[in-house]
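I opened this notebook to record, step by step, what I looked up about pockets and strand pairing. The entries follow below the display.

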Amino acid sequence: MKEIQQIPVAQASRTNPFARVFDELTAFCRSRSMFMLHYCTGCGAIELPPAMTSRFDMERLGIQPMVSPRQADILLITGYVSVKTLKRVILTYEQMASPKYVIGICSCTVNGGMYWQSYATAKKLNDYMPVDMYIAGCMPRPEAVIEGLRGLMERVRTGEANGWEDYYRRYDYYLGHQQRLFGEAWQTPTNVIQEAEHYGLAGPETEGEHTALLRQHQQPLEPLEMRIGLKERV
């Protein structure tokens, strides 16, 4: 058994000459058909309706809103993120299927913006989850939002928008920041390590001291008890 483990394993190279062509075609099609879930945490959300409707019409780019994280490619976070809100943002992000992309709108997602002194505000969003595109400003106009979306589309087409892969490869790093903010008992229903192994992205930084701490507190999901609070009539 030890001899088998010592045999070096070489990564198989792709020999099909059309593989790269299909990869580029897939990336192009993916960049032109994207579904966006907007998580409106702050005032930046007010610029989304004109960006989505007839004036600027982001659907002409191939981007349209989606109401469920299960069917969304883009998670759009519009404004400051409080500690309580960030928990929901991370839960939403982990429920999205890969590949998935994150856009932070407004300066608040970059460094806390005008709320940078608030004890209740998470300052840098990319400490807790990968961000593929920032659209800075207070607040960015719809033209800037459209330009940012076009920039993300180009990064998807060229294969540069790989934040979701970074989340799997460096999960222990992101989990460490989450535990520092939420406490060491923080956990989510998603088994990120198992997903990393599924996509072949598990590496030396996927697990570490923070994932070990997670295992100490992790509990299996249990169905919630439903009670109907109707009072008995006399």
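**Pocket linings and paired strands**

I sorted the lining of the largest pocket by class and noted seven nonpolar, seven polar and two charged residues, where Ala, Val, Leu, Ile, Met, Phe, Trp, Tyr, Cys and Pro count as nonpolar, Asp, Glu, Lys and Arg as charged, and the others, Gly among them, as polar. I kept in mind that this is a predicted model, in which local features need pLDDT of at least 70 and side-chain atom pairs pLDDT 80 or more, while totals for chains, interfaces and linings use all residues. Residues are numbered from 1 along each chain as its sequence is written, and side-chain values use heavy atoms, with hydrogens and water left out.

I looked up the space in the largest pocket and found about 330 Å³. A pocket here is an open set of points on a 1 Å grid over the protein atoms alone, where a 1.4 Å probe fits, with protein on both sides within 12 Å along at least five of seven lines; lining residues have an atom within 4 Å of a point. Grid points are joined across faces, edges and corners, and a volume is the space filled by probe spheres set on the points.

I then checked which element gives the most to this lining, and α10 does, with three residues; helices are DSSP runs of H or I with at least four residues, and strands are runs of E with at least two, numbered from the N terminus.

I turned to the strands and noted that β1 (residues 34-39) and β2 (residues 63-65) pair in the parallel sense over three bridges, pairing being at least two DSSP bridges between two strands. F35 has Q64 in β2 as its bridge partner. I also found β1 paired with β3 (residues 74-78), parallel over four bridges, with M36 opposite I74 in β3.
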